Amino acid sequence: MKKHTRRQFIKTTAAGIPLAAVGSRLFAGQSSARQPNIVYVFADQMRAHALGCYGNEIVPTPSFDAMAAAGTVFDNAVSTWPVCSPYRAMLLTGLYPMANGTVKNDTGVRDDLPTIAKVCKAQGYATGYIGKWHLEWQRTPFVPKERRQGFDYWAVNNCTHKYMDHFYCTDTPEKIRFKGYDALVQTDLAIDYIQKNKDRPFCLFLSWGPPHNPYNLVPDEYKERIPLDKIELRANVAERAVVDHLLARDKPSERLRKSRKARRAVLESDERLKKQSIQGYYAHTAALDDCIGKIRDALRQAGVAKDTILVFSSDHGDMLGSHRMALKQMPFEESINVPFLVEYPRAVPKGKRSDALIAPVDVMPTLLSLAGLQCPKVDGKDMSDAARGVASDQQDAVLLMKLLPGGGPYIINAITPWRGVRTKRYTYANLFDYGPWLLYDNQEDPYQLNNLIDKPAYAVLQAKLEKRMRELMKEAGDPGDTDQITAYRESRRLKSM
């Protein structure tokens, strides 16, 4: 796919000249009378293991499973930095954090870059965003028009996890209040958007807050679908060598020590973990399954299902007790491995699984390629051939990172920056104030119970993965220097004030 430099893109669109379409590759004998719609739906904090199509036997997810059967499932979709804001900035720009500016949570994305919405809008698409945004310097609900990165229709609460009887904002700070569960409300808004824009190409992003904690803020009818006695914990929940190692070298503040206390009590009790966290997490997942079913039905009823690229994914996962940890920001599979389902009847075959590695920076060029739209120069790779089921070797590894200290998860908290690399088979991570930290053979050890780091038999592999990690860091513009990245973020923050 031919790409434009950022300067060429800005110059072209500023002149009001749409970029030429290159045409998506279709199945033999098929034709399309219009540019396809793009509908990108993503949850917050959903790990791939939560869905039936990824092997979960506890949560009923018939709609997600039907979507998987109708398209391609990526088994190696990876959240490069498993936390909200950095993922979202990479998703919309196709650029790594040092290029898009979002080097930490609650860090505003740069305004002067092409985004997938700006590209689509320049080529005649309607654009819309519904749900959680989380790309501002503060968590105030309203996002001004000039900060919406090319999205016109807007029904957003910038960053909230108050799922019941809450509100969103549109073009003014006025609070549009609603009753009920926000994922259902947002889904209804998306369905209305689809109906109103069915006669022209559109690009719609729908960002649900669940299953991100609080896990209990979900309608009871969904909790009833997840009996406590049916919940089985993952095989690595009892493992705690990694957390013990980190705690032994950790010196938390008194404030942090207190904030861990309640979380630790849950993690140390399997029954409390099931009752207070996993049941609610799975109940949220069941609710979202109903929602994705409604989206698929709405596309069919509007007569545009065949002309729509529908994707479901998540920004990152949730440890949920694995390795006795909570939340995210860690290089374990529960934190980084996310669902990625692609359904597009005109170009994506049914019932395919791909082992291709796909990262957040790859989403923009992949979707634009599937839509037959030209993409500006980005860091990500076009993985559309993998979605079509014809290739899976576009990249041998993807970068993992935590650039700056802070944040979660509770109990062990990933305060220390780390970098890593994920291949189709291995996970490697380097804790930057410690050195080589984790090495797992995910094929032989899917629950990551046997840390191979510094074992003589794996010395050559460890060195190879460290080298590849450093190469990818260089490609991403990551200096590997916490002070330098902190200074960069602070300079951007001061300019935004």
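**Ground rules.** I am working with a predicted model, where local features need pLDDT of at least 70, side-chain atom pairs count only at pLDDT 80 or more, and totals for chains, interfaces and linings use all residues. Residues are numbered from 1 along each chain as its sequence is written, and side-chain values use heavy atoms, with hydrogens and water left out.

**Entry: Asp182.** I found Asp182 in helix H6 (residues 182-196); helices (H or I, at least four residues) and strands (E, at least two) are DSSP runs, numbered from the N terminus. Is Asp182 buried or exposed? Asp182 is buried, meaning under 20% relative accessible area, with exposed being over 50% and partly exposed in between (1.4 Å probe, protein chains only). I saw no salt bridge for Asp182 (a side-chain nitrogen of Lys or Arg within 4 Å of a carboxyl oxygen of Asp or Glu). Lys132 is the nearest side chain of opposite charge, 9.9 Å away; Lys and Arg count as positive, Asp and Glu as negative, and His and the chain ends are not counted.

**Entry: strand E4.** I checked E4 (residues 126-132) next: seven of its seven residues are buried, so the strand is largely enclosed by the rest of the structure. E4 runs parallel to strand E8 (residues 202-211), joined by six bridges (pairing takes at least two DSSP bridges). Here I noted Tyr129 opposite Phe205. Five bridges pair E4 with E5 (residues 153-157), also in the parallel sense, and Ile130 stands opposite Ala155 there.

**Entry: helix H15.** In H15 I listed Ile485, Arg489 and Arg492 as the buried residues.
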